[in-house]
Amino acid sequence: MPLPAKAFQRWLNGVAPDTSTADICRVSGVKRTTLAQQLVRGKVAETTVVSISRAYNLNPVAALATFDTYSDLASSSLPPSDKELVSQIATVDLLRAVIVRTAPTGSTGTGSTGTESMDPRQPELSPPPHATSVKNWVDAIDDGELRHRVSTATGVAPQNYSAQLTANRLAPELAVATSRAAGVGLAGGLVATGLVTEAEAGWPRGARQAALDRLSDGDLAALSGERLQALGKTLRRQEQDQEQTERIWENLV
Amino acid sequence: MSEILPWITLVVCAGAALARLPSAVRGVNPTLFFIFLLATAAGILSIEQFYVVIDGALGGINIAHVVLRLIVFATIYLIAVRVTKGFGAPDAHRMIAGRPGLAMLGIFAAALVTVFLLMDPGASSVRFRDAGAVSARNEALLPYYWAAARGYLAYVSLALLPALLRSVKESLPPLVRTGAALMAAGAVATVAGLCLEFAPTQLLVVAPAVNNGAVVFYTSGLILIWLARVKAASGGGHGTSSTER
């Protein structure tokens, strides 16, 4: 799935001609052993290309587009939909927005008057990815048949795909395939997985905040509720696992 | 090769017992220390030099071997009780520590002792190796002796296996799951050990490896689960902070 080493070497020659691997690693922060291993195996990870292109002031998405697997990234210029944008807002930020909207004006602060640095009306949204950003993103663009189409297009078994979403991961190639199958901007999945930033993917500055502002109070409350419910389920499952682990230890340690 | 295996088994079990000693003194699960102590005793009785001396003290007619098999019964019983409680398997717990389980233990122990008493006494021989050569009657009875000795272990292992495999698949800490997998491997090896008693003679060469492997798998599984606890305690948190933010 990752990029072929030969194509990578060719690309690297174009980006940083006459530069030693050691220098490239030093500038880009890629571990030298990691890169050497990827080259030996003939498969270079997308993250390596992203790190190197950032170091040389290139757009990572454009850099990925020079590889065959990702060639259509270049021609894609669909802007992200509001649903996609909102899916990349962390649950805590959504809840903060609920509080800001519902609190009567003037009593939004905690009452302490000394701190003026925080304006409760404009809390900075934390950058993607968040704890469930991959699954939320796929849910946001899913028309009900999306997972099925991705599975057919890529040959990845649905349960493996779901497992990646649950773990908040998605291989870059699958992320792009998902966008393609959903007919949305191709770089969206790369933002949701944290491979590239929203700016690098061409999302306008403040787009997420604007999409959040466009949500009606009802939609915001309903969406936050869904997120909280999912969070509750995850936490409960973790608590059960923890309980079971404790019981094992109680008896066997 | 088959000379070194019992030593490895002994070192692993004795090491585990020593490592559990401080906890046992503090009163934390002394049963576990006792389990490893029994396993160590079984390990000692599996080594020729020790066996001959101990059996000599018991009359030199291989009574030490029956004692060894009963120690092994006790060890696997205690492990199984802990495992079924820990891994939350009430059905398996009943099959081992409930009425049917205790009945099985009684039947196999009685069968073991009965078959031994029916045999002609022979000179001390570690692992009961030369018992069959004493008389034709012994040679005929020996398979039953081993069937009784390994049968109970296989029964308990089969009862444990579903619960262990289930735990491997669950989202528990990786070390705990690896531990459960090792114990499952121990259970499989135990059952294989019983099957090997009925296998053609060419296969018998692997029997020592399989039987010692079972002990090592069970023991190292328990050690890993313990290490998981040590790791979690030293790491501070509970290892479930992935939903933060």
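These questions and answers cover a predicted model with chains A and B.

User: How many helices and strands does the secondary structure of chain A come to?
Analyst: Chain A has 253 residues, and 32% of them count as buried. Among its contacts between residues at least 6 apart in sequence, 67% join residues at least 24 apart. The secondary structure comes to 15 helices and two strands.

User: Is A:N57 buried or exposed?
Analyst: A:N57 sits in the loop between α4 (46-55) and α5 (60-65) of chain A. Its phi is positive, near 55 degrees, although the residue is not glycine. A:N57 has 6, so it is exposed.

User: Is B:N62 buried or exposed?
Analyst: B:N62 is in the loop between α3 and α4 of chain B. Phi is positive here too, near 70 degrees, in a residue other than glycine. Buried requires 20 or more other C-beta atoms within 10 Å. B:N62 has 24, so it is buried.

User: What span does helix α2 of chain B reach from its first C-alpha to its last?
Analyst: The helix covers residues 30-45, which is 16 residues. At 1.5 Å a residue, 22 Å is expected. The model comes close to that, with a reach of 23 Å.

User: Which helices are included in what covers the buried residues of α2(B)?
Analyst: The buried residues of α2(B) include B:L37, B:L38 and B:L45. Their helix is covered by elements of chain B itself, among others. These include α1 (5-26), α3 (48-57), α4 (63-86) and α10 (207-234).

User: Which elements give two or more residues to the side of chain B that touches chain A?
Analyst: In this interface, 21 residues of chain B are in contact with 20 residues of chain A. The elements of chain B that give two or more residues are α4 and α10.

User: How many nonpolar residues are on the side of chain B that touches chain A?
Analyst: That side holds 21 residues in contact with chain A. Six are charged and seven are polar. The nonpolar residues number eight.

Conventions: Residues numbered from 1 in each chain as written. Chains lettered and ligands numbered in written order. Predicted model: local features only at pLDDT ≥ 70, side-chain atom pairs only at ≥ 80, totals over all residues. Helix = DSSP H or I, 4+ residues; strand = E, 2+ residues; numbered from the N terminus. Expected span 1.5 Å × (residues − 1). Buried ≥ 20, exposed ≤ 12 C-beta atoms within 10 Å, placed from the backbone. Contact = placed C-beta atoms within 7 Å. Nonpolar A, V, L, I, M, F, W, Y, C, P; charged D, E, K, R; others polar.
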